[in-house]
Amino acid sequence: MAEAKTTITDQSPADFIAGVEPERRREEALVLDALFRKVTGELPVMWGASIIGYGQYRTTYASGRDVHWMRTGFSPRKAKHSLYLMGGYCDELTGKRRDALLAKLGKYSSGKSCLYINKLADVNMAVLEEMLRNDWDAMARLYPE
């Protein structure tokens, strides 16, 4: 079975954020880091070269593939911030709550378990915090340590 390509590294999240360009993206990464710390109560760790993760879990898919991944996190990508929100993907009720909150969030795009935000000024931060909290709670319930 193939090894996961994205794993925990020794890179400092603070050092990574300090190197994010442009400046606005770096400043917003600091805001997101503070929000994720507040919601999760976790210190961040780097997953691969560019993903900042909070908490972690392990599971085995029906295919037999073992997974070790962050519970939640984000990456301040060049074009948009990518927020990794697995709870709504893994839990139907949390997914429905997320859908209702997305209607109030503001400007975004999304994938299965990712939320893409161009700039934080485009979204309602209180709604984003509620989404993160719902997601975090779902992951804790689904994958207790």
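1. R71 touches Y54, G55, Q56, Y57, M86, D135, W136, M139, A140, Y143, P144 and E145, leaving aside residues up to four places away in sequence. Contact here means heavy atoms within 4.5 Å. R71 sits in strand β3. Helices (H or I, at least four residues) and strands (E, at least two) are DSSP runs, numbered from the N terminus. R71 is buried, at a relative accessible area of 3%. The cut-offs are under 20% relative accessible area for buried and over 50% for exposed, with partly exposed in between (1.4 Å probe, protein chains only).

2. The side chain of R71 also reaches the backbone oxygen of M139, at 2.8 Å. A polar contact is a pair of N or O atoms within 3.5 Å; within protein, one must be able to donate a hydrogen and the other to accept it, and residues adjacent in sequence count only if both atoms are side-chain atoms.

3. A word on the source. This is a predicted model: local features need pLDDT of at least 70, side-chain atom pairs count only at pLDDT 80 or more, and totals for chains, interfaces and linings use all residues. Residues are numbered from 1 along each chain as its sequence is written, and side-chain values use heavy atoms, with hydrogens and water left out.

4. Strand β3 covers residues 66–76. Of its 11 residues, 9 are buried, so β3 is largely enclosed by the rest of the structure. Strand β2 (residues 51–60) runs antiparallel to β3, and 8 bridges join them. Two strands pair if DSSP finds at least two bridges between them. T59 stands opposite V67 in β3. The hairpin of β2 and β3 has 5 residues between the strands, and G64 there takes a positive phi near 95°.

5. On to β4 (residues 81–85). β4 runs antiparallel to β3, and 5 bridges join the two. G73 stands opposite Y84 in β4. S75 stands opposite S82 in β4. β3 and β4 form a hairpin with 4 residues between them.

6. Now the whole sheet. It is open, has 6 strands in the order β1-β2-β3-β4-β6-β5, and pairs antiparallel. The edge strands, β1 (45–47) and β5 (109–110), each pair on one side only. Helix α2 (residues 23–40) lies across β2, β3, β4 and β6 (114–117), and runs at about 130° to β3. Axes are lines fitted to C-alpha atoms, for helices over the stretch in contact, and angles run from 0 to 180 degrees between N-to-C directions.

7. What secondary structure does the chain have? It comes to 5 helices and 6 strands. Along the sequence the pattern is α-α-β-β-β-β-α-α-β-β-α.

8. Overall dimensions next. The radius of gyration of the chain is 15 Å, which agrees with the value near 15 Å for a compact globule of 145 residues. That radius is taken over C-alpha atoms, and the globule rule is 2.2 Å times the number of residues to the power 0.38. The C-alpha trace spans about 40 × 35 × 25 Å along its principal axes. Buried residues make up 46% of the 145. Among contacts between residues at least 6 apart in sequence, 58% join residues at least 24 apart.

9. Finally, P144, one of the residues that R71 touches. P144 lies in the segment after α5 (125–142). Is P144 buried or exposed? It counts as exposed, at 59% relative accessibility. P144 and P76 are 68 residues apart along the chain, and their C-alpha atoms are separated by 28 Å.
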